[in-house]
Amino acid sequence: MLRPIALATALCGTLDILLAIFLTLSRGKEIGAMLRYVASGPFPAASGMETGGALLGLVVHYALMAIMVAVFVFLASQWPILLRRPLLSGLGYGLLTYIVMNLVVVPLRFHPPFPPSGLAISTQLFAHLILVGIPTALIAARFLPATRPLA
């Protein structure tokens with residue numbers, strides 16, 4: 001189970017951070033500041049740590065991605081039906097990660113503006129469904145023992 005977790009974490013984490021970098025630059029913001037903001041969730045002092053805080057943000061990002069991926073891989077190992085239609089289960093899991101991140105994880109540390117803008121919702125849904133959920137499910141379907149996926 002470690003191989004699909006490692007591969008999906010690397011792929012999904014990279015796709016997701018590239019989207020975050022694109023959005024950060026398109027708003028005229030600094031990548032380091034965005035990464036320090038990510039790190040400041042579990043480590044509030046990271047916002048004043050310059051390069052170290054940015055690197056910590058990258059570590060936090062990939063750690064969160066590893067958790068999201070590992071949960072799906074574990075669930076799929078228990079319920080192989082999730083692997084039969086990886087596109088569908090990936091979309092469902094992506095939606096679940098969006099809900100958990102935006103309604104539970106982020107509000108525990110940050111107080112996001114309410115209601116979020118339509119653009120924020122659409123970019124987050126895209127990231128969670130297309131860049132995280134689907135690739136995670138496809139990689140799990142490729143590496144976990146199950147009936148051949150119907151895609």
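This is a short chat about reading side-chain features in a predicted model.

Student: How is a pair of aromatic rings described?

Tutor: You use the distance of the centres and the angle of the planes. This structure holds one such aromatic pair. Its partners are Phe-72 and Tyr-93, with ring centres 5.2 Å apart and planes at 55°, so the pair is tilted.

Student: Which helices do Phe-72 and Tyr-93 lie in?

Tutor: Phe-72 belongs to helix H3 (residues 50-78) and Tyr-93 to helix H5 (residues 86-109), so the pair ties together parts that are 21 residues apart in sequence.

Student: Is Phe-72 buried or exposed? And what about Tyr-93?

Tutor: Buried means under 20% relative accessible area. Phe-72 has 1% relative accessibility, so it counts as buried. Tyr-93 comes out at 8%, so it counts as buried too.

Student: Where does the charged end of Arg-142 sit?

Tutor: Over the ring of Phe-143, 5.0 Å from the ring's centre.

Student: Last one: which residues does His-128 touch?

Tutor: Leave aside residues up to four places away in sequence, and His-128 touches several, including Met-68, Gly-94, Tyr-98 and Asn-102. His-128 is found in helix H6 (residues 118-143). With 8% relative accessibility, His-128 counts as buried.

Terms used: Residues numbered from 1 in each chain as written. Predicted model: local features only at pLDDT ≥ 70, side-chain atom pairs only at ≥ 80, totals over all residues. Heavy atoms only, no water. Helix = DSSP H or I, 4+ residues; strand = E, 2+ residues; numbered from the N terminus. Buried < 20%, exposed > 50% of the residue type's maximum accessible area, 1.4 Å probe, protein only. Contact = heavy atoms within 4.5 Å. Phe/Tyr/Trp six-rings, centres within 6.5 Å; stacked < 30°, edge-to-face > 60°. Lys NZ or Arg CZ within 6 Å of the ring centre and 35° of its normal.
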